[in-house]
Amino acid sequence: MSKIIVFGNEKGGSGKSTTAIHVAIGLCYQDKSVGIIDLDIRQKSMSRFLENRADFCRKQKSNLPSPTYYKIDQSNKDSKAEANLEEEKRFADALMTLEETCDFLVIDCPGGISNYVKMAHTVADTLVTPMNDSLIDFDLLAKIEASTGKVVGPSVYSEMVWDCRQLRASAKHPPIDWVILRNRISHVFSKNKYHVGKSLKNLSKRIGFRLSTGFSERVIFKELFLSGLTLLDLEKMDGWQPTLSHVSARQEMRMLLGSLSLTDD
Ligand SMILES: Nc1ncnc2c1ncn2[C@@H]1O[C@H](COP(=O)(O)OP(=O)(O)OP(=O)(O)O)[C@@H](O)[C@H]1O
Ligand SMILES: [Mg+2]
């Protein structure tokens, strides 16, 4: 069976695709075969990244390691029940096809909660939820009382993860390893940064997730997208001279891969 890693967060723009890309390419560099399902059918960030990567390889006549991509579409059926059924079948086909050849499946979810998003969360062995390092994004995980900052209950997203965990438990599947990753961490000390860290620690036991090392705010994560590259590719290229920020970013990527404990290496 392939190990399934899902990147999900109800909020848009939190770094799901960026993190998914880096983890997928990181695993390729560890000689693992990786399959990709891009469930963000509207934005297709992951699919676009892979097209850019294929273009780069063609033009540069290079042979960068790349995941296997499986295209999945939304159902056009008018009836919601029929559409759900068709999507369930498409999703099952995608898993079955990729599982034949892949050690890992990386599934990139869009923001929001859809039929596909729920299915992906149910099959996740590891769920990675990047969140912007801000108290504003904290309500992704829990409802907070504005005046006191007290946690008053789980968020809609946490409840969905809870439901998926229940489904897995009833099917006797191993529990989801839910990992929250702080993204775009600023270098300067701020009260907000301190409070996010403290609140996440408090909440992790209550909601059942663990915290991994995160990514700092770095331009390089944006810059490489259009060429379909990651920092791991750059270090293999002749003449590349990394800056201090590149070295730190690469270190963050390696630490993230390590803290996800996906491989035995
Ligand atoms: N650590 C970072 N430093 C700098 N820019 C970042 C970082 N993480 C993500 N970004 C940028 O933020 C934007 C949103 O990131 P990304 O597309 O990965 O988020 P997403 O959660 O997949 O969004 P969506 O919900 O819209 O799919 C992108 O332009 C990306 O390049
Ligand atoms: Mg995305």
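Visitor: Which residue is the bridge partner of Ile37 in strand 3?

Guide: Strands are DSSP runs of E of at least two residues, helices are runs of H or I of at least four, and both are numbered from the N terminus; two strands pair if DSSP finds at least two bridges between them. Here the bridge partner of Ile37 is Tyr70, and strand 2 (residues 34-38) pairs with strand 3 in the parallel sense over three bridges. This is a predicted model, in which local features need pLDDT of at least 70 and side-chain atom pairs count only at pLDDT 80 or more, while totals for chains, interfaces and linings use all residues. Residues are numbered from 1 along each chain as its sequence is written, with chains lettered from A and ligands numbered from 1 in the order in which they are written.

Visitor: What is the strand order of the open sheet?

Guide: The order of its seven strands is 3-2-4-1-5-8-9, with parallel pairing, and the edge strands, each pairing on one side only, are strand 3 (68-70) and strand 9 (210-212).

Visitor: Where is Asp31, and what is its phi?

Guide: Most residues other than glycine have a negative phi. Asp31, in the loop between helix 1 (16-29) and strand 2, has a positive phi near 65°. Asp31 is exposed, with 10 other C-beta atoms within 10 Å (exposed means 12 or fewer, buried 20 or more, partly exposed in between, with C-beta atoms placed from the backbone).

Visitor: Is Lys44 exposed or partly exposed?

Guide: Lys44 is partly exposed, with 17 such atoms within 10 Å; Lys44 lies in the loop between strand 2 and helix 2 (45-60), and its phi is positive, about 55°.
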